[in-house]
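The sequence and the structure are shown first, and a description follows.

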Amino acid sequence: MVDLSVNIHHLKLANPVMTASGTFGYGVEFSDLVPLEEIGGIIVKGTTLERCEGNDYPRMAETASGMLNCVGLQNKGVDYFCEHIYPEIKDIPTHFIVNVSGSSPERYAECASRIDELERIPAIELNISCPNVKDGGMAFGVTCEGAASVVKAVRKVYHKTLIVKLSPNVTSIADIARACEAEGADSVSLINTLMGMAIDIEHRCPKLSIGTGGLSGPAVKPVAVRMVHDVAKAVQIPVIGLGGIMTAEDAIEFMMAGATAIEIGTANFIDPAVTVKVKNGMAQWLERHGCKSVKEIIGVVK
């Protein structure tokens with residue numbers, strides 16, 4: 001039997017397949033459709049310090065080989081998560097990871113510190129693609145200084161595995177990754193969505209309520225694979241790859257580019273059981289190619 005286990009810092013995953021934040025709810029919504037314990041890790045929807053209503057509708061639009069969204073981090077806040085969601089998920093035999101968002105380093109840190117107290121949440125993923133309200137709305141993740149400020153603030157109060165989700169909307173994602181590593185990130189995940197736009201030509205207006213949104217799905221995969229390859233060569237910490245993964249072959253491509261684990265996002269909307277299918281497909285591919293462990297293919301493309 002092929003060994004699919006991988007390590008993200010102190011976090012040991014039974015297999016490298018995880019769900020991407022915002023595409024799998026809190027996991028429990030999918031429990032009747034897929035065995036959650038077979039997923040390596042479930043990254044729950046973005047969580048903020050206080051309740052967030054998100055953007056107005058419409059906030060999703062289908063595009064060629066992908067989708068645009070501007071959901072806007074709709075959630076009921078970290079206290080609701082701790083009091084209502086955590087009791088539902090804490091005994092499910094897989095790793096639940098909370099995606100943390102904020103509008104200032106201090107708010108990121110406060111949210112992270114509350115999650116730090118939850119015994120059965122072994123890691124968080126920082127979404128640094130959020131707008132920095134102090135700097136006129138520019139996302140933290142588009143500058144080394146902005147990214148570093150969030151990681152530094154969170155690292156002071158968060159004591160478990162710290163993953164930082166990187167924005168692709170930058171000149172050099174490798175530089176951003178190095179800045180996060182320098183401030184104590186245990187891993188980086190990439191890519192977050194690419195900024196895009198779609199126009200309704202009949203009504204002569206954007207298809208999304210705020211005009212632009214994040215592009216995800218197969219259309220972004222070549223960009224994501226290239227960025228994972230660049231970052232894996234630039235840092236010493238584990239890299240988690242995501243962006244358009246639909247099949248086991250897609251996942252293997254990311255791992256050969258240097259990813260230690262992967263996340264599946266948009267494909268969950270098409271097939272709720274895709275994570276387990278990708279995991280099983282990876283095991284079959286590895287067995288066919290004489291590999292005893294998935295670790296044998298990580299970063300083989302130099």
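## A charge over a ring

A charge sits over a ring if NZ of Lys or CZ of Arg is within 6 Å of the ring centre and within 35 degrees of the ring normal. Here, the charged end of arginine 59 sits over the ring of tyrosine 57, at 4.2 Å from its centre.

## Basis of the description

The model is predicted: local features need pLDDT of at least 70, side-chain atom pairs count only at pLDDT 80 or more, and totals for chains, interfaces and linings use all residues. Residues are numbered from 1 along each chain as its sequence is written, and side-chain values use heavy atoms, with hydrogens and water left out.

## Barrel

Eight strands close into a barrel with parallel pairing, in the order β3-β4-β7-β8-β9-β10-β15-β16. Strands (E, at least two residues) and helices (H or I, at least four) are DSSP runs, numbered from the N terminus; two strands pair if DSSP finds at least two bridges between them.

Strand β8 and strand β9 (residues 161-165) pair in the parallel sense over five bridges. Glutamate 125 stands opposite isoleucine 163 in β9.

## Aromatic pairs

The structure holds three aromatic pairs (rings of Phe, Tyr and Trp, the last by its six-membered ring, with centres within 6.5 Å; planes under 30 degrees apart are stacked, over 60 edge-to-face, the rest tilted). One of them is the tilted pair of tyrosine 26 and phenylalanine 81, with 6.0 Å centre to centre and 40° between the planes. Tyrosine 26 lies in the loop between β3 (17-19) and β4 (41-47) and phenylalanine 81 in helix α1 (residues 78-89), so the pair ties together parts that are 55 residues apart in sequence.
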